[in-house]
Amino acid sequence: MEQKPQIQWFPGHMAKTRRKITENLSLVDAVAEVVDARIPVSSRNPELSALIAAKPRLVVLNKADMADAAATRRWCAHFRAAGYAVMTADCKTGAGVQKCVPLLHELLADKLAAKREKGMKNPTVRLMVVGIPNVGKSSFINKLTGGKAKVEDRPGVTRSKQWVPVDPTLELLDTPGILWPKFDDPEVGKRLAFTGAVKDDVLDIEELACYLMDYLAAHYADTLTERYKIEVEPGDTGCELLEKAGRKRGFLMRGAQVDTERMARILLDEFRAGKLGRFTLETAPTEEVTP
Ligand code: GDP
């Protein structure tokens, strides 16, 4: 995966971002919140709801190509039940992005009708994209506008706002609102690291790989057996499995000790590159799913 410079979030920086987003929000009719379909909770910013208040929202479950399809369906139902318009997308290829315009027309039907009633012949609605770093905001804007937008997503870079037409009734702000991820819960930090949303040096790479092994053993044991040719036995810890996989691959150091650090990097790289398959690391609350 392409490595981008990581943003360091400091309180002053967060306050500035918050101000900027609030300022841009006053100019738009709706917000598209891009999240990573593999971690639909951890890749959200909990402050967003307070920031955007009652503004209509479209949740974009992006990177759906890397997520477990059944889990994604449950997450769609969950977000729909919460009152949002929802779509899935793969912004690497653009698959699913075409659903955005009809969904926004539906979401903003009243607003467009009211504008027409006021006598506006060709009313337009305006949209901005928000999300934490690396969820695919720029890719989404690029696909949605067919490459017409010059996306500038470095925070702090000031430049005049550009409104890019998506269709005759819809304009998109080319600058996404970049929000910070929330790290208070160590589990959230781990999931953000598994998916590559935060730099590896935030956490110890071996420790991280052990956690990932643990999760995969509990939920997708067959995948581990298939990919790394190891038996997952009851009671095996993530670290033991990492060692088994490293031994199987022949990553040995002096004294026949397994080079678990090398194996850790490989596991994380392969997981992030989708070589192990499609995974969702968070489960949607089932009680809110309508059959
Ligand atoms: P931003 O920081 O939110 O603007 O994220 P980017 O649009 O720069 O995307 C971050 C990384 O994720 C890039 O390497 C993209 O190619 C990749 N990416 C974005 N959307 C998708 C997607 O739907 N599927 C996959 N597999 N990769 C994606």
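Predicted model: local features only at pLDDT ≥ 70, side-chain atom pairs only at ≥ 80, totals over all residues.
Local features required a pLDDT of at least 70 and side-chain atom pairs a pLDDT of 80 or more, while totals for chains, interfaces and linings use all residues. Residues are numbered from 1 along each chain as its sequence is written, and side-chain values use heavy atoms, without hydrogens and water.

A nonpolar core is a set of buried Ala, Val, Leu, Ile, Met, Phe, Trp, Tyr and Cys residues joined through side-chain atoms within 4.5 Å; buried means under 20% relative accessible area (1.4 Å probe, protein chains only). The largest such core has 72 residues, and the members that touch the most others are Phe140, Leu216 and Leu267. Helix 8 (residues 205–219) contributes the most to this core, 9 residues; helices are DSSP runs of H or I with at least four residues, numbered from the N terminus. Another core, of 11 residues, lies apart from it and includes Val35, Phe79, Val86 and Ala284.

The ligand is surrounded by 19 residues, of which Cys91, Asn134, Lys137, Ser138 and Ser139 are the closest; a residue counts if one of its heavy atoms lies within 4 Å. By class, this shell holds 8 charged, 6 nonpolar and 5 polar residues. Helix 6 (residues 137–144) supplies the largest share, 3 residues.

Polar contacts are pairs of N or O atoms within 3.5 Å. Oxygen atoms of the ligand lie 2.5 Å from a side-chain N or O atom of serine 139, 2.7 Å from one of lysine 137 and 3.0 Å from a polar side-chain atom of lysine 63. Taken alone, the ligand exposes 580 Å², of which the protein buries 90% (Shrake-Rupley method, 1.4 Å probe).

How values were computed:
Buried < 20%, exposed > 50% of the residue type's maximum accessible area, 1.4 Å probe, protein only. Helix = DSSP H or I, 4+ residues; strand = E, 2+ residues; numbered from the N terminus. Polar contact = N/O pair within 3.5 Å; in protein donor to acceptor, adjacent residues only side chain to side chain. Nonpolar A, V, L, I, M, F, W, Y, C, P; charged D, E, K, R; others polar.
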